[in-house]
Amino acid sequence: MRKPTNLKFGHRLIKIKYISHELAQKRKIMAEVDPDANVMEIDKSLDHATTLNCIIHEMFHIIAGHYSWEVPANIEELFCETATNGVCDLLSQNPKLVEYLANSLKK
Ligand SMILES: [Zn+2]
């Protein structure tokens, strides 16, 4: 299964770069997004479920900026973390919902 290498969001085209595990460890990250450069970096050693979790988490940070949440960084992080885990649990426990989602959002 191929991991995504870019994402569209509004006017943005976010490039996803998969970095080495060593570099990720050195930077103490699993993933990170630079909203100004529209670049997301993810540890390439992560499995697919964790990679997806990271992508959604980092996209919540983009969404936070897009909708000007203007909350303290720790609150934004808490929301990104818990909302992502909740969404990933919901989708993994309801495969028919994933299918419905994919079909419902087609334009
Ligand atoms: Zn975060």
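Ser 68 sits in the loop between α2 and α3, where helices (H or I, at least four residues) and strands (E, at least two) are DSSP runs numbered from the N terminus. Welcome to a short tour of this structure, which is a predicted model: local features need pLDDT of at least 70, side-chain atom pairs count only at pLDDT 80 or more, and totals for chains, interfaces and linings use all residues. Residue numbers start from 1 along each chain as its sequence is written.

- Ser 68 is not a glycine, yet its phi is positive, at about 45 degrees.
- Glu 70 counts as exposed, since 8 C-beta neighbours fall inside 10 Å.

**How α2 meets α3**
- Helix α3 covers residues 73-93, and α2 packs with it at an angle of about 135 degrees, with the axes 9 Å apart.
- Here axes are lines fitted to C-alpha atoms, for helices over the stretch in contact, and angles run from 0 to 180 degrees between N-to-C directions.
- The contact involves residues of α2 including Leu 52, Ile 56 and Phe 60, and residues of α3 including Phe 79, Ala 83 and Val 87; two residues are in contact if their C-beta atoms, placed from the backbone, lie within 7 Å.

**The largest nonpolar core**
- Seven residues form the largest nonpolar core: Ile 14, Ala 31, Val 33, Met 40, Ile 42, Cys 54 and Ile 55.
- Such a core is a set of buried Ala, Val, Leu, Ile, Met, Phe, Trp, Tyr and Cys residues joined through C-beta atoms within 7 Å.
- The elements that each give two or more residues to this core are β3 (31-34), β4 (39-43) and α2 (48-66).
- Apart from neighbours within four places in sequence, Met 40 is in contact with Ile 14, Ile 16, Ala 31, Val 33 and Glu 58.

**Leu 105**
- Leu 105 lies in the segment after α4 (95-104).
- With 7 other C-beta atoms within 10 Å, Leu 105 is exposed.
- Leu 105 and Met 30 are 75 residues apart along the chain, and their C-alpha atoms are separated by 29 Å.

Definitions and conventions:
A residue is buried if 20 or more other C-beta atoms lie within 10 Å of its own, exposed if 12 or fewer, and partly exposed in between; C-beta atoms are placed from the backbone.
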